[in-house]
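Here are a few notes to read alongside the structure, for someone opening it for the first time.

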Amino acid sequence: MADEPIDASSERVNIEIDTSSGFCFGVTTAIQKAEEQLKESKQLYCLGDIVHNGQECERLNRMGLHTITHAEMAGLHQARVLLRAHGEPPETYALAARNNIEIIDATCPVVLQLQKRIRREYEKNIDAQIVIFGKSGHAEVLGLVGQTDGRALVIENLEEASRLDFTHPIRLFSQTTKSLEEFWQIVSYIKSHISEGVSFEYHDSICRQVAHRMENIRQFAAAHDVVFFVAGQKSSNGKVLFEECRKTNVRTYLITHPDEINPTLLSPGLSVGICGATSTPKWLMENCKKKIETFAL
C-alpha cells in the first residue's frame, strides 16, 4: 500500500503506547542489576550487549557499563562481569573462576531453569538427540547448547526438523522466545515421523510473558490506523513481532529512533499506535510519542 496519509477528520492525532510492549522481566532485572552495581562502582563489564537495543546500551555505557566479547573477557583478571538475561554456557563460569572474575549473574530465571533441565536430560541420557528449537548462534541458544558439551542439535524451523534421526531417541526443547505455534508444529511433525518403539519427549520451555505478546501485538495493531514499531536492529524478537504486527496492519513501520518517524504518514484524526519488542525501553517509546506531538498536525 502506498504511504499517503489517510483522510481523517480535523481532530488531533490520537497516540497510544502499547502497555504490553517493552522489556520482559528478564531484561528488566538485568538492567536493574547493572544500574545497582554501577552505583557502587563505575567499573563494570557486560558480556555482550545487555539488551538488543543500541540506545539503551549507549545510556548504560554513559553510566559506566562496558560491553565486552568473550575474547576480551579471557584477558580480564580480578574484574566484575555482568552476565545478561540470555545466559551463558558452563565454559564462561569456568573462565571467570580461572581469572578471578566476579560474576554478576543476571541470567533470566526462565532461561536458567531451562539450562538446568537440558543439563539433567543430557547427563541422564547422553545417547539421546538433544534438540533445541531456536535461532542458531543466538546468545541464549549458545548457552543452552553449552549444557550438552556442544552436542545439542539446533533447528530453526519445521523444515529443518526433517534432518533429525528418527530412529534415535529425541528430546526436544525450545529457546524461551520462540513461537508456541511453531513449536507445536514441530512436535506434531516429529511424532508423525519417529520410528516405532523409539522414545520422543518434548518440553515446552517457551516464556509465556513473551509468547502472549504475539496475540497482544495483533490486537494492538488492529486498533490503530498507523503503527510505529520501535526495535533495535539486532533484536530477533523485534523482527518477529514487527512482521506479525505488519500482517495485521500494513501501515506498520519499523523504526529504531524517534527521528525516523515520517510526518507525511500522519494526518489529523488518525489513531497512532506505538509498540515494540521485549528489548525496547519504555522511555524510547515515550520519546517517539513526544516526537509525534511536535509535528504541526
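1. A quick word on terms: a pocket here is an open set of grid points where a 1.4 Å probe fits, with protein on both sides within 12 Å along at least five of seven lines. Keep in mind that this is a predicted model.

2. Start with the largest pocket, which has a volume of about 920 Å³. It is lined by 40 residues, and those closest to its centre are Thr 177, Lys 178, Val 210, Ser 236 and Asn 237.

3. Which helix gives the largest share of that lining? Helix 10 does, with 8 residues. Helix 10 spans 236–248, and at least two lining residues each also come from helix 1, helix 5 (109–124), helix 7 (180–193), helix 8 (208–211) and helix 9 (213–222).

4. Around it you'll find Asp 49, Val 51, His 52, Asn 53, Gly 54, Gln 55, Cys 57, Gly 232, Gln 233, Lys 234 and Thr 256. That lining counts 7 polar residues, 2 nonpolar and 2 charged.

5. Now for the helix pair. Helix 1 (residues 25–40) packs against helix 2 (residues 54–63) at an angle of about 15°, and their axes are 10 Å apart. That angle makes the two roughly parallel, and their crossing is left-handed.

6. Who touches whom? Helix 1 brings Ile 31, Glu 35 and Leu 38 to the contact, while helix 2 brings Glu 56, Arg 59, Leu 60 and Met 63. Of these contact residues, 4 are nonpolar, 3 are charged and none is polar.

Conventions: Residues are numbered from 1 along each chain as its sequence is written. This is a predicted model: local features need pLDDT of at least 70, side-chain atom pairs count only at pLDDT 80 or more; totals for chains, interfaces and linings use all residues. Side-chain values use heavy atoms; hydrogens and water are left out. Axes are lines fitted to C-alpha atoms, for helices over the stretch in contact, and angles run from 0 to 180 degrees between N-to-C directions. Helices (H or I, at least four residues) and strands (E, at least two) are DSSP runs, numbered from the N terminus. Angles under 35 degrees count as roughly parallel, over 145 as roughly antiparallel, 65 to 115 as roughly perpendicular and the rest as oblique. A crossing is left-handed if the near helix is turned anticlockwise from the far one by less than a right angle, and right-handed if clockwise. Contact means heavy atoms within 4.5 Å. Ala, Val, Leu, Ile, Met, Phe, Trp, Tyr, Cys and Pro count as nonpolar, Asp, Glu, Lys and Arg as charged, and the others, Gly among them, as polar. On a 1 Å grid over the protein atoms alone, a cavity is a set of points where a 1.4 Å probe fits but cannot get out, and a pocket is an open set with protein on both sides within 12 Å along at least five of seven lines; lining residues have an atom within 4 Å of a point. Grid points are joined across faces, edges and corners, and a volume is the space filled by probe spheres set on the points.
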